[in-house]
Amino acid sequence: MPTSKPSSPKSPKKKKSTPESALEASVKTGIWILGDQLWAPQAALASQADHRDKTPVIAVESTNWIRQRPYHRQKLVLVWSAMRSFMGELKEAGWLATLVEAESFSEALIPWIKEQKIERLLVMAPADRPFLNLIQSLDLPCELDILPNNQFLWTEEELLDWFDGRKRLLMEDFYRFSRKKWQVLMDPENPKDPLGDQWNFDKDNRKPPKKTLDPPAPKTFEPDVNVRAVIDKVKGLDCPLFGDIEPFNWGTTREQALDVLDSFLETRLAKFGPYQDAMVAGEDTMWHALISPYINIGLLHPLDVIQKIEAAYQENSDIPLNSVEGVIRQILGWREYIRGIYCHALDNVDENYPESNWFDHQQPLPEWFWTGETKMNCLSTVINQIKRTGYAHHIQRLMILGNFSLIAGFNPQAIEDWFHSIFIDSYDWVMQPNVLGMGIFADGGLMASKPYAASANYVNKMSDYCKGCDYKQKEKVGEKACPFNFFYWDFLSRHKEKLRSQGRMGLVLKHVEKMDAGDLKEIQSLAKNWHGEVANAN
């Protein structure tokens, strides 16, 4: 499936927000709610909460915006259904709420602004820079005030202050600072020390899958009338999209999102830690929380989630600390850290961060990345899972999709655009650092201390995907050699000089240097021929 390459987001000009105290009561004020800001206390709504009966509020379903890439159909259903439900809840709460379906945002906003005689339009700053740039480019017939985003724990200014001037930008440093800052999982008698005398329980959370694993079924929901209407709308769209639209089992309201969180706490949290890296065919969700889509659109706030997890741990002695710490690290640590890297990179490092390509990888993306039709069982399993659900957990993303993309040398921008298209929880602020930084090391190590490159040995250890595969996971040469193997060693050989600068790569590079010259030549030939076959297939 071809994709159009989005333009690179440029670092936006700073615009000071107008404090509520400075707003004159005589100025007619309206609010624009974005599709990932569906939280009642969000900044724009909170600033006018005492004037809700006089404040028009609009949300817009724009079909032009979704044409920039082939989004997953279930993501469109989630966002648009949640928008409709949220606007209905605002109406019930006394707001003058309107949802408009239009080709473009301007087509909806300008007539509404004129009809409502709005003089000042409030919008909470989007987390995504391309969308912020779009908002600032609109020629609206009123004043535009962009308020700071409060759907994260850290404000953007706080993030920039923390990241600026540091010699290293490790997530572990940020995570420990955050634990202390919010007093999460800290010893009540010694507030500077972590519970259990450890900050990180990673060593307890890397168990490979066992035959006896039996994870509970995830919390799902039958589509209501509202969701069915959006499903029908998405089915009728005339633009390229990705994935299956049904069955659609995601929640689309805050109440349902809270049900998913409660289900995780009751049935999945206890075993989340040990098996959070494990991958099993036919088990799409394992013990993962499945809350990232809801946090990313505002149905859940990260602080609410963290507090509920802490409370569950305090109330239930059967929940181990390593499981609790593991999920807290993903929300309080990783999620906020990724946004910090995003802001820091675009503001202070390089506004062209989205064009990063440290290894100068230029190979085209295979067509089967869209279809899942490949003989590699691991990639076929994960891609087809995403087609069905819009979801894959972090190790499937990092060590199957990202790892293969890195060692095969696919173009970073094509990979990032693909990741952004296919996941139900994807946004620019999420995918730029996760893919370009963590996943494929295209930024040269701004956030990761080494490339996450691995052979089929890792895949075989942490999953059951190698069973029944056409390729042999132990072979790196020959007709049945696993592409993960010959690409891994080809990658190390091609980039050994650059990789020497990464301190953690020394040992594995010594293995490359000791490799039999004949084997290395065959490995390089296999990699070259594989790309030739992909080019012909595309």
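Tutor: A definition comes first: a cavity is a set of grid points where a 1.4 Å probe fits but cannot get out. Please keep in mind that the model is predicted.

Student: How many cavities of 30 Å³ or more does the search find?
Tutor: The search of the whole structure finds four.

Student: What is the volume of the second largest cavity?
Tutor: The second largest cavity holds about 60 Å³ of space. Its lining consists of Asp36, Gln37, Ala127, Asn149, Gln151, Phe152, Ile295, Asn296, Arg335 and Trp429.

Student: How does that lining divide by class?
Tutor: The lining of the second largest cavity has four nonpolar, four polar and two charged residues.

Student: And the largest cavity, which residues lie nearest its centre?
Tutor: Those are Asn377, Cys378, Cys466, Cys469 and Cys482, out of 13 lining residues. The volume of the largest cavity is about 80 Å³. By class, its lining has ten nonpolar, two polar and one charged residues.

Student: Let us turn to helix packing. At what angle do H19 and H22 pack?
Tutor: Helix H19 (residues 483-494) and helix H22 (residues 517-537) pack at an angle of about 110°, and their axes are 9 Å apart. H19 is therefore roughly perpendicular to H22.

Student: Which residues make the contact?
Tutor: H19 contributes Pro483, Phe486, Phe487, Trp489, Asp490 and Ser493, while H22 contributes Leu520, Ile523, Gln524, Leu526, Ala527, Trp530 and His531. The residues of this contact between H19 and H22 comprise nine nonpolar, three polar and one charged.

Student: A change of topic: what about the backbone? Which peptide bond is cis?
Tutor: The bond from Glu246 to Pro247 is cis, with omega near 0°. Pro247 sits in the loop between helix H7 (225-235) and helix H8 (254-267).

Student: What is the phi of Lys117?
Tutor: Lys117 has a positive phi of about 55°, although it is not a glycine. Lys117 belongs to the loop between helix H3 (105-115) and strand E4 (120-124).

Student: Finally, the overall fold: how many helices and strands are there?
Tutor: The chain has 22 helices and five strands. Its C-alpha atoms fill a box of roughly 80 × 60 × 50 Å along the principal axes.

Student: What is the radius of gyration of the chain?
Tutor: The chain has 24 Å, which agrees with the value near 24 Å for a compact globule with 538 residues.

Key: Residues numbered from 1 in each chain as written. Predicted model: local features only at pLDDT ≥ 70, side-chain atom pairs only at ≥ 80, totals over all residues. Heavy atoms only, no water. Axes fitted to C-alpha atoms, helices over the stretch in contact; angles between N-to-C directions. Helix = DSSP H or I, 4+ residues; strand = E, 2+ residues; numbered from the N terminus. Parallel < 35°, antiparallel > 145°, perpendicular 65-115°, else oblique. Contact = heavy atoms within 4.5 Å. Nonpolar A, V, L, I, M, F, W, Y, C, P; charged D, E, K, R; others polar. 1 Å grid on protein atoms, 1.4 Å probe; cavity = no way out; pocket = protein on both sides within 12 Å on 5 of 7 lines; lining within 4 Å. Points joined across faces, edges and corners; volume = space filled by probe spheres on them. Rg over C-alpha atoms; globule rule 2.2 N^0.38 Å.
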